[in-house]
Amino acid sequence: MSQQGRCNALVAAAAAVLCAAVLLHIEVAQAATFTVGDAGGWTFGVQNWPNGKTFRAGDILVFNYMPGMHTVVEVDKAGYDSCKIPANAKVFSSGKDQITLVKGGNYFICGIPGHCQAGMKIAVIAI
């Protein structure tokens with residue numbers, strides 16, 4: 001291969017790497033952040049908050065609430081439906097929890113007794 005051919009191959013390879021990096025950046029930049037319950041935050045009656053919204057895998061849900069008053073528990077569909085916390089559930093309690101959505105069903109309840117039953121739970125389906 002000539003010196004010119006090697007140079008052209010290096011330029012083409014560098015251009016391909018640059019294009020791939022730009023495409024990856026665009027994909028990451030498209031993730032959206034949603035505040036659960038909007039200005040009211042994570043509280044009672046948020047069960048219908050996801051209605052009418054489109055969520056994608058990689059989007060971030062922000063749960064704002066008073067620490068000690070509520071928690072956020074990531075559960076499966078059965079835990080969501082029954083308001084029961086499985087043994088392996090992730091429990092968040094910072095008051096400013098940020099959770100990245102996965103593709104498919106994402107289910108969250110408040111772990112304080114009685115709160116889930118009072119409507120403090122959401123189901124989010126991410127595409």
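This section describes the aromatic pairs and nonpolar cores of a predicted model.

Aromatic contacts were examined first. A pair of aromatic rings is described by the distance of the centres and the angle of the planes. The model holds 5 aromatic pairs. In one of them, the ring centres of Trp49 and Phe55 lie 5.8 Å apart. Their planes meet at 50°, so this pair is tilted, since stacked pairs need under 30 degrees and edge-to-face pairs over 60. Both partners are shielded from solvent by the 20% cut-off: Trp49 is buried at 9% relative accessibility, and Phe55 is buried at 3%. Ring pairs also bring in Phe34, which forms a cluster with Trp49 and Phe55. A charged residue meets another ring: Lys121 lies over the face of Tyr80, 4.4 Å from the ring centre.

The nonpolar residues were considered next. The largest nonpolar core comprises 18 residues. Trp49 and Phe55 are among those with the most contacts inside this core, together with Trp42, Leu61, Phe63, Phe108 and Ile122. Two or more core residues come from each of strand 2 (60-64) and strand 7 (121-126). Strand 7 gives the largest share, with 3 residues.

Phe108 was followed in detail. Neighbours within four places in sequence were left aside.

Definitions and conventions: Residues are numbered from 1 along each chain as its sequence is written. This is a predicted model: local features need pLDDT of at least 70, side-chain atom pairs count only at pLDDT 80 or more; totals for chains, interfaces and linings use all residues. Side-chain values use heavy atoms; hydrogens and water are left out. Rings of Phe, Tyr and Trp (its six-membered ring) pair if their centres lie within 6.5 Å; planes under 30 degrees apart count as stacked, over 60 as edge-to-face and the rest as tilted. Buried means under 20% relative accessible area, exposed over 50%, partly exposed in between (1.4 Å probe, protein chains only). A charge sits over a ring if NZ of Lys or CZ of Arg is within 6 Å of the ring centre and within 35 degrees of the ring normal. A nonpolar core is a set of buried Ala, Val, Leu, Ile, Met, Phe, Trp, Tyr and Cys residues joined through side-chain atoms within 4.5 Å. Helices (H or I, at least four residues) and strands (E, at least two) are DSSP runs, numbered from the N terminus. Contact means heavy atoms within 4.5 Å.
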